[in-house]
Amino acid sequence: MSNMADGEVRVRFAPSPTGFLHVGGARTALFNWLFARNQGGKFILRIEDTDLERSTEESYQAIIDAMKWLGLDWDEGPIVGGDYGPYAQSERRDLYREWAQRLLQEGKAYYCFCSSEMLTGMREEQKKQGKDPKYDGRCKLLLPDEVGHRIAEGQPHVIRFKMPQEGETVVHDIVRGDVTFNNTQLDDFVIIKSDGYPTYNFAVTVDDALMKISHVIRGEDHLSNTPKQIRLYHELGIEPPRYAHVPLILGEDKTRLSKRHGATSVGQFKTDCYLPEAMVNYLALLGWAYDDKTELFSRDDLVQKFSLERVSSTGAVFDYAKLQWMNAEYMKHRSLDDKVTLVLPHLEAAGLITSPLDDEMMQFIRQLVEVVGERVKVANQIPEHVGFFFTEDVDYDPEAAEKFLKQHYVGPAFKILEERLSALEEFEQATIEPVMRGLVSEMGMKARDLFQPVRVALTGTRQSPGLFEVMVLLGKDKVLARLRRARKEFS
RNA sequence: GUCCCCGUCGUCUAGCCUGGUUCAGGACACCGCCCUUUCACGGCGGCGACACGGGUUCAAAUCCCGUCGGGGACACCA
């Protein structure tokens, strides 16, 4: 029995619904998806919810949402179904029991009645003696009668796999080459827990076998589990799939990326309004490269160019700065309407606007976004760029005020400026600019000598979008009021 | 502790398999200059790495060994 008899590529992403989808998981899902699409194979989503304690409906939903947001569609799995279901492990209990029974009957597995407390004690003892913590296999010696008796009595028990103790097991890994494990390191691990659910290693193996998975692409942290699974395949008489263990995603300190390193859940990036195409592009480059220069890949490029052979074997630090740069690259390609949509929730969250927007406000925001342009690299940065449009009293950046508003000429210059601007019939860039530039040359200064103080007076800060655009959007009244206030306050 | 994986600029990486074309290329970040009313964008330039030690070889980032360093796995969690 071979899983690759028909040569069809079938890969899966198998998250457990015990939390939000992590960027590491997302990257694994992406590599699986890209490989499937590149090979014209099938991408399967399977939910590993055998840990009853920690699995939740919310997590399941969050994972589904994140996958959809990233555009990683699955050919078989929850919602879409498929010929190899069910696709949630909690619904596959009978299958696991069936296969465990088979192993039991063939003498390749046995019942174990040891308590967890006893096992923990044993492990500690072994560690103290400097030995590998391994189950000693004592229940393997139990007579069939005794086993039957204890089960009839209702004694809690698990089923263990009888691990061969001689020889070695080789994992043929596409990313790492052949990795050899000595079988003496492996022990009789539990395949069915006392609650009747399978353990991870057993469930994965049974499912991958039954679902005819051809390539297992997963995180490097699973590499040391692989020999156990391969032994299982052998005893089950099934050819194991091909493996590709991809490097872990790390935090700045080079340890596995976790919450304390910053945002790690895909959902968080989504609510921050990162662009999914930027996220996908960035994630693809974490542990994979096409050549020595290409960095921006459309989804189609990725599908066309992806290959497991070019996945690197070293862990990759998640670099928020580069993600942000990449997001900015993709923002440039978004339409104004898209940007407005992206930015709206953050304006609201910052308390700058309130939900039902009239047409006038909508139009205003459109103009704001246009004026702000490429300064916003990620949509959630919008408030810091446009906050001053929404307040009556701008907060002056003390240093900026000190440097630009306290110049001796500012008072008189503003006075004249106020007069001339208020005389303007049309308050447009075309009418404002001559006034500003005219004053600059009359007073024999450089443009910045007037523009920077005006900027600080209007926005409170030393950097902003183009001054004339800002003035037009602010409107004549606010411009005059702010100039006046600054003049009175500082000169 | 044991087993396994990994080790090229601060970070992501190309090059390594098939030694010479590389006093190691690109990108992000950082610094400087230019553009300019500021910032951002853009353009130009700069800083900056083959972990270390031995071999093999005419020649090593590339092959071998060792050391050191980092990470991961050692559950009735996945």
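Buried means under 20% relative accessible area, exposed means over 50%, and partly exposed lies in between, with a 1.4 Å probe and protein chains only. This is a predicted model, in which local features need pLDDT of at least 70, side-chain atom pairs count only at pLDDT 80 or more, and totals for chains, interfaces and linings use all residues. Residues are numbered from 1 along each chain as its sequence is written, chains are lettered from A and ligands numbered from 1 in the order in which they are written, and side-chain values use heavy atoms, with hydrogens and water left out.

Start with Gln229. Gln229 sits in helix H7 (residues 226-236); helices (H or I, at least four residues) and strands (E, at least two) are DSSP runs numbered from the N terminus. Its relative accessibility is 1%, so Gln229 counts as buried. Which residues does Gln229 touch, not counting residues up to four places away in sequence? They are Tyr200, Asn201, Val204, Thr205, Arg218 and Tyr243. Contact here means heavy atoms within 4.5 Å.

Now take a loop residue. Val376 lies in the loop between helix H13 (359-372) and helix H14 (382-386). Val376 counts as buried because its relative accessibility is 6%. Its contacts, leaving aside neighbours within four places in sequence, are Met331, Gln381, Ile382 and His385. Val376 and Ala328 are 48 residues apart in sequence, yet their C-alpha atoms are 7.4 Å apart in space.

Next come two helices. Helix H16 (residues 410-422) has 13 residues, which at 1.5 Å a residue should span 18 Å; its end C-alpha atoms are 18 Å apart, so the two values agree. The expected span is 1.5 Å times one less than the number of residues. Buried in H16 are Val410, Gly411, Ala413, Phe414, Leu417, Glu418 and Leu421. Seen down the axis, the buried residues of H16 fall within an arc of 160°, so they line one face of the helix. That arc is taken over the directions from the helix axis to the C-beta atoms. The buried residues of H16 pack against helix H15 (398-405), helix H17 (429-442), helix H18 (447-459), helix H19 (467-474) and helix H20 (476-490).

Val479, Leu480, Arg482, Leu483, Ala486 and Arg487 are buried in H20. They cover an arc of only 165° around the axis, which puts them on the same side of H20. The face turned away from that buried side carries the exposed residues Asp477 and Lys488. Cover for the buried residues of H20 includes H15, H16, H18 and H19.

Finally, the RNA. How many residues surround RNA strand B? There are 66, and the closest are Arg176, Lys193, Glu295, Arg375 and Arg455. A residue is near a strand if one of its heavy atoms lies within 4 Å of it. The residues of this surface divide into 20 nonpolar, 20 polar and 26 charged. H18 gives the most to the surface, with four residues. Of the RNA atoms within 4 Å of the protein, 76% belong to sugar or phosphate and the rest to bases.

A polar side-chain atom of Thr50 lies 2.8 Å from a phosphate oxygen of RNA strand B. For Arg462, a polar backbone atom is 2.7 Å from a sugar or linking oxygen of RNA strand B.

Methods: Polar contact = N/O pair within 3.5 Å; in protein donor to acceptor, adjacent residues only side chain to side chain. Nonpolar A, V, L, I, M, F, W, Y, C, P; charged D, E, K, R; others polar.
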